[in-house]
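Let's take a walk through this one together, starting with the whole chain and then zooming in on a few spots. Have a look at the fold first.

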Amino acid sequence: MITDSRLAGILSRKHFFSLPLDYQHPTGEQLQIFARELIGTQDNAATLPLLVFFQGGPGFGAARPLANGGWIKRALKEYRVLLLDQRGTGLSSPVSFKTLDGMAPDEQAEHLSHFRADNIIRDAEAIRAQLSPDTPWSILGQSFGGFCVLRYLSASPQGLKEAFITGGIPSLERPATEVYRATYQRLLAKNQDFFTRFKDAKALLAELRGFINSHEARLATGERLTQEMLQLLGVNLGMEQGPEAVYYLLEQALIDTPIGKALNPLFEAQFCQLLDYNTNPLFAIMHESIYCQQQAANWAAHRVRGEYPAFAPDAEELLFSGEMIYPWMFEQFANLKPLKACAELLAAKADWPSLYDPNILANNRVPVAAAIYSEDMYVEQAYSLETAARVGNLKYWLTSEYEHNGIRMDGERILDKLIALNRGQALR
């Protein structure tokens, strides 16, 4: 099914594809995979080549553009853009406790084991066979989308003309525990920077922590707010404008009422908006598996946290955590509770297939341009540079100008630089 609509300065075209859950059994269960094609308004727009966008995550649908702006504006000058909802997200057979209802935990775990980058790229190649069968296309990956780009280069480089990566070059072989050791160290610096910038934030956080430990404070989604949940706000510290959002939320957390202090209803609602675990459960369920190759995650972030006691929820002064998933989340978040047993099975899964082929990547001929953010809280710079040195034909732009979400904040400039880098032009 193909349907068209118009946005401000863009023609938007919907595509739906029926593709196998398991490509080893192509006639078995099918998923609906959705992609939104964006076409500019210039005379030749409908005949331009395709650029496929792989969203960060895992577990998030592609952006829903409102108008021709940001990186999309730059891309539409010479491409049609395909915004792919990766399987399990957006309109692509979305995953939630409701869609998995009726399956036993082992059936849920088996089902979700097919939702990693390897099958996302199989979906992309199946879609290319329908939309661009005779022509390789260009791809752009942000964050986890960059992990998908490296998988594409390993598994199906014949489908690619060129590739761009922003904030998402993974280690090819390092286990999740090593990734989280680096991330916790970054978090220490991000916390220090946050509390230095906002002088009263430590006092505000301590007051809020004391309140929720002595009162049954409920969020808008019904859960009791705990200090462990409060720490999770730190996932925003690595985004441009994220620290400001966290601080302004803390500022309004408590209000005076005729019977004493109370949790502000505004806080109760906005807290839920700053965390995605109830609305995007695939992120929590699958996140650690993106680092797994022939090994189990076994709640790597939780285990490594023991090496950094400053992040313990009962530490004297509370610190924010980051992009970490903990087993207790499946006991405290309402929409994760029904998936607790499934999550335990996936955490223990040790036979995850390999995602990257170092030999193929070393001999890569597809032009690749990457933006590496030196202050990135989520993707360790040293590991990104380590991988970049092992991928043939990859050029990178190392910059301290942006946080992890640079493409969202200044996407037109960033994509323009990467296009120039891939074509051997001077960076502007």
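Helices here are DSSP runs of H or I with at least four residues, strands are runs of E with at least two, and both are numbered from the N terminus. Counted that way, the chain has 16 helices and eleven strands. Keep in mind that this is a predicted model, where local features need pLDDT of at least 70, side-chain atom pairs count only at pLDDT 80 or more, and totals for chains, interfaces and linings use all residues. Residues are numbered from 1 along each chain as its sequence is written, and side-chain values use heavy atoms, with hydrogens and water left out.

Now for the overall build. The C-alpha trace spans about 70 × 50 × 45 Å along its principal axes. For 428 residues, a compact globule would have a radius of gyration near 22 Å, and the chain agrees with its 22 Å; the radius is taken over C-alpha atoms, and the globule rule is 2.2 Å times the number of residues to the power 0.38.

What about the surface? With buried meaning under 20% relative accessible area, exposed over 50% and partly exposed in between (1.4 Å probe, protein chains only), 57% of the 428 residues count as buried. The accessible surface, from the Shrake-Rupley method with a 1.4 Å probe, comes to about 17400 Å², and carbon and sulfur atoms own 50% of that.

Next, zoom in on S143, in the loop between β6 (137-142) and α4 (144-155). S143 counts as buried because its relative accessible area is 10%. Leaving aside residues up to four places away in sequence, S143 touches G56, T166, G167, G168 and H404. With H404 there is also a side-chain to side-chain polar contact at 2.8 Å; that term means a pair of N or O atoms within 3.5 Å, where within protein one must be able to donate a hydrogen and the other to accept it, and residues adjacent in sequence count only if both atoms are side-chain atoms.

The peptide bond from G57 to P58 is cis, with omega near 5°, and P58 sits in the loop between β4 (50-54) and α1 (70-75). Over in the loop between α10 (281-286) and α11 (300-305) you'll find Q294, a non-glycine with a positive phi of about 60°. Q294 counts as exposed, at 52% relative accessibility. N298 lies in the loop between α10 and α11 and, though not a glycine, has a positive phi of about 50°. N298 is partly exposed, with a relative accessible area of 38%.

Note on methods
Contact means heavy atoms within 4.5 Å.
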